[in-house]
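Hi everyone, thanks for coming.

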There are 2 protein chains.
Amino acid sequence: MSNAVFILVNPQMGENIGAAARAMVNFSQLSLRLVNPRDGWPNDAATAMSSGAFDQMNEVEIFDTLEEALADIHTAYATTARPRDMVKDVVTPREAAEESVKSQNQRTAFVFGAERTGLENNDAERCHKIITAPTNPDFSSLNLGQGVLMVAYERFIAEQSKSTINTNIDHEPAPMAEFDNLFSRLESGLEEGGFFREISLRPKVTRNIRSMLLRSGITSQEIKTFHGMIKALKSSK
Amino acid sequence: MSNAVFILVNPQMGENIGAAARAMVNFSQLSLRLVNPRDGWPNDAATAMSSGAFDQMNEVEIFDTLEEALADIHTAYATTARPRDMVKDVVTPREAAEESVKSQNQRTAFVFGAERTGLENNDAERCHKIITAPTNPDFSSLNLGQGVLMVAYERFIAEQSKSTINTNIDHEPAPMAEFDNLFSRLESGLEEGGFFREISLRPKVTRNIRSMLLRSGITSQEIKTFHGMIKALKSSK
């Protein structure tokens with residue numbers, strides 16, 4: 001049973017949600033989360049396009065924000081064709097599938113943006129890594145259902161060959177909620193200390209710091225350590 | 001330039017031909033042949049669904065029979081989810097892509113049947129091998145565009161050398177001296193703040209923090225940011 005979650009952020013057309021669901025179930029991916037679907041939920045157009053896929057799935061979960069949708073996730077992959085002004089590892093769907101399937105007790109999320117605009121920067125920034133599919137550079141736009149299909153397909157194949165993969169990894173990332181809590185604390189400490197001098201640069205600076213810390217796949221134990229570090233630094237002078 | 005040909009036999013809906021064309025061009029597969037398309041050719045619904053893919057392709061060729069469409073092909077793969085009562089090698093899309101790409105001067109065809117019925121036995125029979133995609137056994141029906149996508153995607157990846165797929169991102173870890181300098185500063189800040197309560201654990205704790213920060217492949221720019229963060233935290237309370 002796959003423990004991966006597919007998250008669609010601000011999906012617009014019900015048809016695309018249905019096509020994504022069908023592609024997921026074709027490859028035994030049964031957990032779908034929708035963040036703020038434009039036309040509400042449930043959605044008749046989605047059901048019509050799904051060929052019955054929703055009946056095979058776990059219940060579709062609805063969230064207001066990506067932050068909430070990621071709270072119990074350990075490793076999140078942002079899918080985007082566009083390179084971002086942020087420092088994150090970029091992997092192919094295949095690499096993402098192969099590395100994510102190694103963590104049996106960890107939940108992985110694959111995050112997809114809205115049809116036209118893709119993932120917003122502040123949503124991509126919440127993710128650990130970026131998935132960019134290798135495509136024809138002159139014609140690279142995939143629709144949502146196709147993007148989901150490619151990732152679901154790779155994940156399914158990786159799951160099937162998982163028994164031969166060494167599942168022993170020595171550190172596992174903390175759930176995102178723990179990270180977010182740490183990050184809020186760090187951010188307010190930085191604010192108190194006058195770190196954000198140029199208010200207009202604050203979002204970008206914050207994004208870069210988040211990215212840097214997320215990239216390390218910080219564990220629960222390390223988050224505890226980090227809290228201690230912040231406390232200590234605040235009481236030093 | 002790919003020398004593979006995608007052949008759709010008796011395709012029904014123009015929309016599906018358009019979706020197949022789009023998926024092909026996404027993965028630089030530019031040769032499409034249609035055998036006896038139900039609604040004739042050209043087809044407005046196909047054009048509308050293609051997102052302009054036909055403009056990027058070689059001319060679409062139309063044939064009355066699969067036999068004619070295969071005339072100049074060296075190796076043909078029949079795609080079907082259903083096992084056939086015939087003795088042929090059955091391969092996955094990935095295996096087909098990997099083996100077919102080795103023959104530079106040989107033309108390969110990937111043959112897809114009609115939407116509802118799939119390939120007829122007598123058409124599948126004309127092909128050298130069968131491609132069956134690994135799918136969820138309880139929900140295995142892929143639509144035509146998705147089937148084409150999977151094969152085109154695998155073919156594209158096989159065509160590219162592994163080294164060119166992974167375009168590297170432009171972040172380079174800082175020189176170790178910069179990191180060590182940052183780390184000393186962090187460590188003395190922590191010491192001032194009473195972070196290291198258990199002196200005997202200090203080496204291990206220090207090692208863990210170092211390893212967490214190093215793991216992210218921290219850049220020079222990020223090290224500057226981190227210095228600023230330490231300064232700010234120290235002046236907050």
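Let's start with helix α9 of chain A, residues 202-215: it has 14 residues and spans 20 Å from its first C-alpha to its last, close to the 20 Å expected at 1.5 Å a residue. That expected span is 1.5 Å times one less than the number of residues. Helices here (H or I, at least four residues) and strands (E, at least two) are DSSP runs, numbered from the N terminus.

Before going on, some housekeeping: this is a predicted model, where local features need pLDDT of at least 70, side-chain atom pairs count only at pLDDT 80 or more, and totals for chains, interfaces and linings use all residues. Residues are numbered from 1 along each chain as its sequence is written, chains are lettered from A and ligands numbered from 1 in the order in which they are written, and side-chain values use heavy atoms, with hydrogens and water left out.

Back to our helix. How many of the residues of α9(A) are buried? It's 10 of the 14, so the helix is mostly covered, where buried means under 20% relative accessible area, exposed over 50%, and partly exposed in between (1.4 Å probe, protein chains only). The buried ones include A:Ile209, A:Met212 and A:Leu213, and also A:Arg202 and A:Arg207. What covers them? The list includes β5, α6, α8 and α10 of chain A, together with α11 of chain B; contact means heavy atoms within 4.5 Å. After α9(A) comes A:Gly217, with a positive phi near 60°.

**The sheet in chain B**

Now over to chain B, which has an open sheet of seven strands, paired in parallel, in the order β3-β2-β1-β6-β4-β7-β5. Two strands pair if DSSP finds at least two bridges between them. On the edges sit β3 (61-63) and β5 (90-91), each pairing on one side only. Further in, β4 (residues 75-79) and β6 (residues 108-112) of chain B run parallel and are joined by four bridges, with B:Ala76 opposite B:Ala109. Helix α7 of chain B, residues 144-159, lies across β1, β4 and β6 of that chain, at about 160° to β6(B). Axes are lines fitted to C-alpha atoms, for helices over the stretch in contact, and angles run from 0 to 180 degrees between N-to-C directions.

**Nonpolar cores**

Which residues touch the most other members of the largest nonpolar core? Of its 70 residues, they are A:Phe6, A:Leu32, B:Phe6 and B:Leu32. A core is a set of buried Ala, Val, Leu, Ile, Met, Phe, Trp, Tyr and Cys residues joined through side-chain atoms within 4.5 Å. Apart from it lies another core of 55 residues, among them A:Val111, A:Phe196, B:Met212 and B:Phe226.

Most residues other than glycine have a negative phi, and most peptide bonds are trans. Now look at A:Ser28: it isn't a glycine, yet its phi is positive, about 60°. B:Ser28 has a positive phi too, about 55°, and is found in the loop between α1 and β2 of chain B. B:Ser28 is buried, with a relative accessible area of 18%.

Last stop: the peptide bond from A:Trp41 to A:Pro42 is cis, with omega near 0°, and A:Pro42 sits in the loop between β2 and α2 of chain A. In chain B, a cis bond joins B:Trp41 and B:Pro42.
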